[in-house]
Structure formats: structure tokens, C-alpha cells
Amino acid sequence: MSADSEDILATAAAWRAAGEDVAIATVVETWGSSPRPAGSRLVVTASGRMEGSVSGGCIEGAVADAARQTMQSGVPQLLDFGISDDRAWEVGLACGGKLKVFVEKLG
Amino acid sequence: MTPDLLARLAAARAAKHPVALLTRLPDGAQMLHPGDAVPEALATEAEAALRADAARNVTLGAESWFIQPQNPPLRLIVVGAVHIAQALVPMAARLGYAVTVVDPRRAFATEERLGAEVAISGDWPDEAMTALAPDTRTAVVTLTHDPKLDDPALEVALRSPAFYIGCLGSRRTHAKRLDRLREAGLGEAELAKIHAPVGLDIGAVTAPEIAVSILAQIVASRRGPKSEKK
């Protein structure tokens with residue numbers, strides 16, 4: 001795990017300690033030219049703070065939306081993004097890669 | 001992820017213990033290895049992920065698991081608290097390396113010159129290097145180009161499994177260094193591990209540029225340049 005992933009979990013812990021609702025998104029599988037390797041993390045709060053990344057900026061918005069759902073429901077989600085995927089067209093995965101992102105609530 | 005599990009990950013990181021996080025997809029059940037009662041087949045995969053320092057997916061029967069290793073930081077040991085070290089230390093720290101600078105010359109090895117994020121050893125280089133025990137996640141760079149200081153460090157480092165060893169000095173300096181190390185009993189296979197003159201040849205002139213060339217070579221040693229991958 002790279003140094004930046006470590007900092008991101010520390011950030012998640014600090015945000016939760018400050019009373020925020022926090023969700024963690026992790027890249028769990030990639031195909032093709034995905035910009036971030038498996039294990040890359042993005043943490044999101046209900047108040048809209050974000051740290052880390054799961055792509056080169058292509059899908060962060062969609063992942064943050066899913067993260068907010070997971071924070072409310074407590075149910076984790078496994079998201080698929082790829083060029084054959086309608087949702088990826090919407091958010092525009094310009095790199096042409098495919099990836100799976102796991103979203104879970106911290107708590 | 002439960003706050004308890006996150007705290008255990010943080011504790012392992014603080015104690016510099018390697019640990020793998022196992023997540024069952026898609027329901028998100030999680031375990032740590034070592035620490036939890038992980039089935040043997042998964043434990044074997046977790047060990048392999050830690051050795052490779054790369055996340056992996058494993059199917060176990062009907063279950064799908066994502067394994068994410070958390071290794072202690074890579075280490076960089078710098079011999080010589082010289083001008084180039086002052087540029088190299090903060091850059092290496094930014095790349096995630098835990099940096100130790102070894103220099104028995106007290107005037108050089110000070111926190112004022114090197115910053116607070118570095119560990120400083122004032123021991124003689126062979127003793128310091130023996131105590132630091134370079135492993136497969138350690139890079140060693142000698143910068144003093146003083147044989148009295150560099151050579152004892154190298155004699156220990158070259159017999160260690162360090163993944164990178166680089167030495168500052170011209171080709172001529174390096175030829176003389178190799179002669180001395182041969183006399184000290186090191187074999188050709190060990191001597192071939194030395195990158196010298198240190199750093200990628202990017203025409204670096206200033207200390208920060210030389211630091212970039214050294215760190216680029218260290219990254220290439222660990223990851224492998226793309227052109228050499230299949």
C-alpha cells in the first residue's frame with residue numbers, strides 16, 4: 001500500500017473522530033488503461049469533503065454520490081465502471097479503462 | 001469498515017508491522033491477517049500479496065475476496081549528510097520513504113541541516129548499517145565519496161538484500177572503489193549490485209536535480225521501467 005493510501009485512512013479516521021459521517025471507496029479491480037491501481041482509495045464525508053482518488057478524476061463524482069447513499073443506508077456497494085457501461089458513458093471514463101470500486105461506510 | 005478495524009490498521013502501521021486487509025465482495029465482511037482467524041488458503045494469498053506489495057482478488061469456493069496489503073514504509077539509508085542529502089531527504093520522504101542519514105561527522109548530521117522528518121545516526125557507517133539491517137524494502141545511497149565512510153557502509157549493504165545500492169562518484173572513483181571492495185573480499189555478483197555513478201543519466205547538475213535522478217533510479221529498480229515489462 002502506498003504512502004498516500006495510508007494518509008487517506010488516517011484522514012478518514014480524523015474526520016470520523018470530528019463527528020463526520022465517512023465512506024471509503026476502494027478500487028478493487030482494473031482492466032485496460034485505468035489510471036489508479038487496485039487498492040487506491042477515496043474517502044468522502046456526508047458534508048462533501050473528499051481526499052484521495054480512484055481514477056484520474058473521471059468517476060469521483062459518481063463514486064461520491066454512491067458513497068452518500070451508502071452512508072445513509074449502511075449497505076456497501078460494488079460499482080462497475082467501463083466503456084460498455086451506461087453509467088460510465090454518463091460520467092465519461094475518457095481513459096477507456098474499466099474498473100470496479102467497492103464503497104463502504106466507516107462505522 | 002468498523003472503527004475498530006481501522007484502529008487496528010493504524011496500530012499496525014504505527015508499529016511498522018505488515019498486515020493485509022481482506023474484504024469479502026460484495027457484502028464487505030472484513031478480516032486482518034495476521035490477527036484474525038483467516039482460512040489457510042486466504043492466509044497464503046495474503047502473505048503473497050504482502051510479499052508482492054500489490055492488491056489482489058481471490059476466489060475461494062463461492063466467495064470473492066479482495067486482499068489489500070499494508071506494508072511498513074520503504075526505507076532509504078543515506079550515508080553522508082552532505083549537500084545532496086539535504087535535497088534528497090525531503091523528496092524521498094514525499095515518496096513515502098522512511099529516511100535515515102548516517103554520518104559520524106557531528107557538524108554535518110544535524111536536524112537543522114536535514115529537517116525533522118529524518119532519523120540521524122552518528123555511528124560509524126558499518127555499525128550503523130549493521131544496526132539498521134537493510135532488507136528487501138530498503139535502498140542505500142552513499143554520498144560522502146570518502147572511502148573511510150562509504151566503504152564500511154557498502155561492505156555491510158552489499159551483503160544485505162537491499163533492493164537498491166547507489167554510490168556517488170565518477171567512473172574513475174568507482175573503479176578504485178571496486179578494487180578496494182574486491183580486496184575486502186566482496187564478490188563480483190555483490191559488486192554488480194552497485195549503481196555508479198549514482199542516478200539516471202539525465203544530465204543533472206544541481207543538488208535537487210541529482211536527487212531527482214537518484215530517486216528516479218530507485219523507483220525504476222523497484223517497479224521496473226515499462227519498456228522492460230511484457
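This is a predicted model: local features need pLDDT of at least 70, side-chain atom pairs count only at pLDDT 80 or more; totals for chains, interfaces and linings use all residues.
Pro197(B) sits in the loop that runs between β10 (194–195) and α9 (207–223) of chain B. Pro26(B) falls in the loop between β1 (19–25) and β2 (30–33) of chain B. For context, most peptide bonds are trans, and most residues other than glycine have a negative phi.

Positive phi values turn up in chain B too. Lys16(B), in the loop between α1 (3–14) and β1 of chain B, has phi near 60°. With 11 other C-beta atoms within 10 Å, Lys16(B) counts as exposed. His145(B) has phi near 40° and belongs to the loop between β8 (138–142) and α6 (147–157) of chain B. Here 17 other C-beta atoms lie within 10 Å, so His145(B) is partly exposed.

Over in chain A, strand β1 (residues 22–31) is largely enclosed by the rest of the structure, because eight of its ten residues are buried. Ala25(A) is bridged to Leu42(A) in β2(A) and to Val103(A) in β5(A).

As for the contact between the chains, 20 residues come from chain A and 20 from chain B. On the chain A side, α1 (3–17), β1 and β5 each supply at least two residues, with α1(A) giving the most, seven. By class, that side has 13 nonpolar, three polar and four charged residues.

Technical notes
Residues are numbered from 1 along each chain as its sequence is written. Chains are lettered from A and ligands numbered from 1 in the order in which they are written. A residue is buried if 20 or more other C-beta atoms lie within 10 Å of its own, exposed if 12 or fewer, and partly exposed in between; C-beta atoms are placed from the backbone. Helices (H or I, at least four residues) and strands (E, at least two) are DSSP runs, numbered from the N terminus. Two strands pair if DSSP finds at least two bridges between them. Two residues are in contact if their C-beta atoms, placed from the backbone, lie within 7 Å. Ala, Val, Leu, Ile, Met, Phe, Trp, Tyr, Cys and Pro count as nonpolar, Asp, Glu, Lys and Arg as charged, and the others, Gly among them, as polar.
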